[in-house]
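Subject: Structure handover

Hello,

Here is the structure I promised you. Please keep it open while you read the notes below.

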Amino acid sequence: MIASGKGGVGKTTATAFLGTELSRMDKSVVMIDTDFGLRNLDLHFSLDQKIVYNIVDVLEGTCSLRQALIPLEPSRKLYILPGSKDYRYCLSQSALVHVLQELTKDFDDILIDTPAGISDTHLKILPCVTEVLLVTTLTDASIRDAITMGSVIKKYGVPTRILFNRISKTAMAHMENRHLLYLSQDVFQMESIGVFPYIGEYGMHGAKKIQRSLQQICTQI
Ligand SMILES: Nc1ncnc2c1ncn2[C@@H]1O[C@H](COP(=O)(O)OP(=O)(O)OP(=O)(O)O)[C@@H](O)[C@H]1O
Ligand SMILES: [Mg+2]
């Protein structure tokens, strides 16, 4: 489960990047968009016009899982279960459990992109997952909301690691070993799974740096 607390910190971006990288590492991967009403994961793969069925159709039994899953790579096993535009949908936990049980048979990794905030959707997904990746940037608001989210997750006893996102070159160079370590150990009291750079600063020539960060994170999943 990819969660954050504060919105806009990079949950959906992280889901798309990690899913793609894991599949490059020969894992079979499915990414699920549970941001009901505000789906965005499909945008990362330019799918908007290709979506026929979505996660709510599957959960409500309108279509089969096979009908809704969209393959993203011809040569690798990377799939998306697209989100729904239905903002009023109230997640059925039993239906979700059934879908996850089916997907577990076919995929090595299931990445669940979740909405911003702490909602009924999060509380229903939490008992169904093996781990949470808690995404945060270095802004005060993001850190505070991630801490709050972390304390909610703790009540469910789900192992959680921090993923630092949008980290500038300066922060990467000077703060990685001190400030980020301080944040994960002393502030969050959680292990960090890694640091993802602020992509805009790297441009085309930073592709290798970004790839390395992704690989470091993915080897720990
Ligand atoms: N590492 C990064 N470097 C540069 N830009 C990034 C990075 N991660 C995310 N962004 C940008 O930040 C914005 C928000 O990202 P994203 O939609 O992934 O956040 P989110 O947490 O899923 O948001 P929401 O809470 O609304 O679902 C997007 O414009 C995205 O391109
Ligand atoms: Mg999102």
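Helices (H or I, at least four residues) and strands (E, at least two) are DSSP runs, numbered from the N terminus. Thr12 lies in helix α1.

Two remarks on the basis of these notes. This is a predicted model, in which local features need pLDDT of at least 70, side-chain atom pairs count only at pLDDT 80 or more, and totals for chains, interfaces and linings use all residues. Residues are numbered from 1 along each chain as its sequence is written, chains are lettered from A and ligands numbered from 1 in the order in which they are written, and side-chain values use heavy atoms, with hydrogens and water left out.

**Helix α1**

Start with Thr12. Is Thr12 buried or exposed? Thr12 counts as buried, because its relative accessibility is 15%. The cut-offs are these: buried is under 20% relative accessible area, exposed is over 50%, and partly exposed is in between (1.4 Å probe, protein chains only).

The side chain of Thr12 makes a polar contact of 2.7 Å with the side chain of Asp113. A polar contact is a pair of N or O atoms within 3.5 Å; within protein, one must be able to donate a hydrogen and the other to accept it, and residues adjacent in sequence count only if both atoms are side-chain atoms. Contact in the wider sense means heavy atoms within 4.5 Å. Leaving out residues up to four places away in sequence, Thr12 touches Asn40, Leu41, His44 and Asp113.

Now move along to Ser23. Ser23 is also in helix α1, which covers residues 11-24. Ser23 counts as buried because its relative accessibility is 1%. Which partners does the side chain of Ser23 reach? One is the backbone oxygen of Thr20, at 2.9 Å. Another is the side chain of Arg76, in a polar contact of 3.0 Å. Residues up to four places away in sequence aside, Ser23 touches Val29, Arg76, Lys77 and Leu78.

**Ligand 1**

How many residues surround ligand 1? There are 15, and the closest are Lys11, Thr12, Thr13, Arg166 and Ile199. A residue is near a molecule if one of its heavy atoms lies within 4 Å of it.

Look at the oxygen atoms of the ligand. A backbone N or O atom of Gly8 is 2.9 Å from an oxygen atom of ligand 1. For Val9, a backbone N or O atom is 3.1 Å from an oxygen atom of ligand 1. Lys11 uses its side chain: a polar atom there lies 2.7 Å from an oxygen atom of ligand 1. On its own, ligand 1 has 630 Å² of accessible area, and the protein covers 72% of that. Accessible areas come from the Shrake-Rupley method with a 1.4 Å probe; for residues, only the protein chains shown count as cover.

Which elements give two or more residues to the shell around ligand 1? They are α1, β7 (160-167) and β8 (191-197). The largest share, three residues, comes from α1.

Arg166 is in strand β7. Its phi is positive, about 60°, although Arg166 is not a glycine. Arg166 counts as partly exposed because its relative accessibility is 44%.

**Strand β6**

Val135 is in strand β6 (residues 132-136). With 1% relative accessibility, Val135 counts as buried. Val135 and Gly5 are 130 residues apart in sequence, but 8.4 Å apart in space, C-alpha to C-alpha. Neighbours within four places in sequence aside, Val135 is in contact with several residues, including Ile2, Val9, Lys11 and Leu163.

**A loop residue**

Ser46 lies in the loop between β2 (29-33) and α2 (55-59). Its phi is near 50°, a positive value in a residue other than glycine. Ser46 counts as exposed, because its relative accessibility is 58%.

Cys90 is in no disulfide either; the nearest cysteine sulfur, that of Cys128, is 14 Å away. Cys63 counts as buried at 8% relative accessibility, whereas Cys90 is exposed, with a relative accessible area of 51%.

Best wishes

Technical notes
A disulfide is a pair of cysteine sulfur atoms within 2.5 Å.
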